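Hi,

Here is the structure I promised to pass on.

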Amino acid sequence: MVTYNVGLNITAVSEDISSLVHGFVQTRQNLIASTIKVPGLLERRRAAEATDPVTFRMSPGADGLTANFSTSLAQMEAARDHADGLKGGTYSPFNIWLNGALTFHNREENGNKWGSFSMLSMGADYLLSEKALIGLSFHYDHMTDPTKEDAELTGNGWLAGPYASLEIARNIFFDTSLLYGGSSNTIDTAFFGGSFDTSRWLFDSSINGQWTIDDATVLTPKLRAIYLNEKVDDYNVSNGVGDTIDLQGFTEEQLRVSLGAEVEREFHLKNGATVKPSLGFTAGYAGLNGSGLFGTVTAGISMSTENALTFEAGILLNIEGDGQKSTGAKVGVRGQF
């Protein structure tokens with residue numbers, strides 16, 4: 001009789017699962033940083049001039065597909081006034097808003113499998129004056145991330161906290177928010193499974209403006225800094241025969257500072273349509289767990305028709321400091337619901 005003893009390589013399993021969890025948390029941080037949005041005074045004023053009660057956009061890119069929607073009391077009231085033939089420009093002190101985003105991502109670690117990330121955000125704010133706004137926001141996110149090792153990680157998280165927006169000079173706005181939250185996550189591999197919890201907080205601040213160069217040209221510059229810290233608690237995984245492996249938690253940080261601007265020009269056609277071509281760029285530095293210098297160039301065009309439909313299209317080029325490059329395109333349509 002021949003007896004085989006199969007030993008458990010605890011070190012190899014620990015390293016593999018730890019790598020999966022690190023990649024999951026880091027990818028989710030990137031998606032949160034690029035997806036999360038809290039409207040300030042500039043968006044509040046644009047909403048007061050809106051013609052659509054709900055905005056919907058779909059943007060396919062090189063590494064995924066993003067669909068998002070947004071609406072607010074101010075936007076719905078402005079759309080109603082527009083339908084009644086009334087002029088916008090007045091602001092209700094109190095406003096509630098809602099927006100959501102769904103992203104399908106495909107990165108090298110996924111092994112050509114598509115993962116998904118979604119975020120639902122809501123909030124309420126109050127105008128202290130025409131130059132000051134304060135509010136509270138809540139954000140819920142869900143992520144599914146399959147890997148080429150036949151494993152899948154999923155997570156549900158949240159962030160909540162106050163935000164403020166100030167007009168510090170004519171058409172120049174300072175926006176800031178401080179959010180705290182956490183997440184609950186599961187690990188499912190071929191042989192081991194488990195769960196882990198995190199606590200996190202995010203600080204986001206930006207200076208942006210909207211300057212009218214002439215009657216048809218608008219420049220929108222933006223300087224942004226965002227910091228996200230997520231602490232993973234100690235956790236363990238186990239298999240079907242009762243083996244348990246304890247793994248040490250860690251802290252993942254990301255800091256991105258960027259400066260960008262977009263130029264948009266408006267043309268009115270004889271058939272009543274409005275065409276707006278735009279060109280923008282962003283350059284910045286991703287520190288801590290980031291990849292160093294990065295840059296983005298975008299070009300787009302939108303056309304609005306007399307029946308309140310708006311069509312949009314654009315292209316982009318991203319260059320990261322570690323040599324990664326990506327190109328993509330976006331298309332969208334907005335209309336009254």
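N171 is partly exposed, at 27% relative accessible area (buried is under 20%, exposed over 50%, partly exposed in between, with a 1.4 Å probe and protein chains only). Its phi is positive, about 60°, although N171 is not a glycine. Most residues other than glycine have a negative phi. N171 sits in the loop between β6 and β7 (strands are DSSP runs of E, at least two residues; helices are runs of H or I, at least four; both are numbered from the N terminus).

Before you go further: this is a predicted model, where local features need pLDDT of at least 70 and side-chain atom pairs count only at pLDDT 80 or more, while totals for chains, interfaces and linings use all residues. Residues are numbered from 1 along each chain as its sequence is written, and side-chain values use heavy atoms, leaving out hydrogens and water.

Back to the strands. The hairpin of β6 and β7 has 2 residues between the strands, and the two pair in the antiparallel sense over 15 bridges (pairing takes at least two DSSP bridges). E152 is opposite D188 of β7 there. On to β8: β7 pairs with β8, again antiparallel, over 17 bridges, and that hairpin has 4 residues between its strands. D175 faces S206 in β8.

Now the inside. The largest nonpolar core has 29 residues, and I17, V21, I187, F196, L202 and Y235 touch the most other members (a core is a set of buried Ala, Val, Leu, Ile, Met, Phe, Trp, Tyr and Cys joined through side-chain atoms within 4.5 Å). Elements giving two or more residues include α1 (10-35), β7 (172-188) and β8 (193-209). The top contributor is α1, with 9 residues. As for Y235, beyond its neighbours within four places in sequence, its contacts include I17, V21, I187, F196 and L247 (contact: heavy atoms within 4.5 Å). A second, separate core of 8 residues includes L41, L42, L133 and F173.

And on the outside? L120, M122, F138, Y140, W158, L178, Y180, W201 and F203 make up a nonpolar surface patch with about 830 Å² of accessible area together (Shrake-Rupley, 1.4 Å probe, only the protein chains shown count as cover; members have over 30% relative accessible area and no salt bridge, and nonpolar side chains are joined within 5 Å; a salt bridge is a Lys or Arg side-chain nitrogen within 4 Å of an Asp or Glu carboxyl oxygen). L120 lies in β4 and is partly exposed at 34%.

Cheers

Note on methods
Patches are made of residues with over 30% relative accessible area and no salt bridge: like charges are joined within 9 Å, nonpolar side chains (Val, Leu, Ile, Met, Phe, Trp, Tyr) within 5 Å.
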